[in-house]
Amino acid sequence: MDKRNFAFDRLNFILLAVGMAVVVIGFLLMSGPGSTDAAYEPDIFSTRRIKVAPVVCLVGFLSMIYAIVRRPKDAGKSDDNEVKKA
């Protein structure tokens with residue numbers, strides 16, 4: 001297949017994978033023991049679970065959005081060359 005038919009290039013897929021990994025890391029930071037009726041766990045209100053993990057997830061989602069919106073540089077140049085030749 002011709003590379004011009006693809007909407008994403010290699011860098012787009014790498015950025016998507018990195019963004020997905022960052023989101024997974026954010027969710028892992030949010031995980032931990034929960035409180036039950038028998039025992040109260042004060043760790044559910046820790047800074048890591050309340051502030052850091054959601055920010056890490058947000059950064060991951062924003063990087064994934066950027067990876068989707070990013071336009072490969074080669075696609076724009078090939079379209080311009082075809083228009084100039086015609």
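Q: Is Arg 48 buried, partly exposed or exposed?
A: Arg 48 counts as partly exposed, at 33% relative accessibility. Buried means under 20% relative accessible area, exposed over 50%, and partly exposed in between, with a 1.4 Å probe and protein chains only. This is a predicted model, where local features need pLDDT of at least 70 and side-chain atom pairs count only at pLDDT 80 or more, while totals for chains, interfaces and linings use all residues. Residues are numbered from 1 along each chain as its sequence is written, and side-chain values use heavy atoms, with hydrogens and water left out.

Q: What does Arg 48 form a salt bridge with?
A: With Asp 43, the closest N and O atoms being 3.8 Å apart. A salt bridge here is a side-chain nitrogen of Lys or Arg within 4 Å of a carboxyl oxygen of Asp or Glu.

Q: And which side chain does Arg 49 meet in a salt bridge?
A: Asp 43 again, at 3.7 Å from N to O. Shared partners join Asp 43, Arg 48 and Arg 49 into one network. Arg 49 is buried at 14% relative accessibility, whereas Asp 43 is partly exposed at 25%.

Q: How many salt bridges does the count come to?
A: The count is 3.

Q: What about Asp 9, which residue does it pair with?
A: Asp 9 forms a salt bridge with Arg 70, with the closest N and O atoms 3.0 Å apart. This pair links distant parts of the chain, 61 residues apart.

Q: Is Arg 70 buried or exposed?
A: Arg 70 is buried, with a relative accessible area of 15%.

Technical notes: Helices (H or I, at least four residues) and strands (E, at least two) are DSSP runs, numbered from the N terminus.
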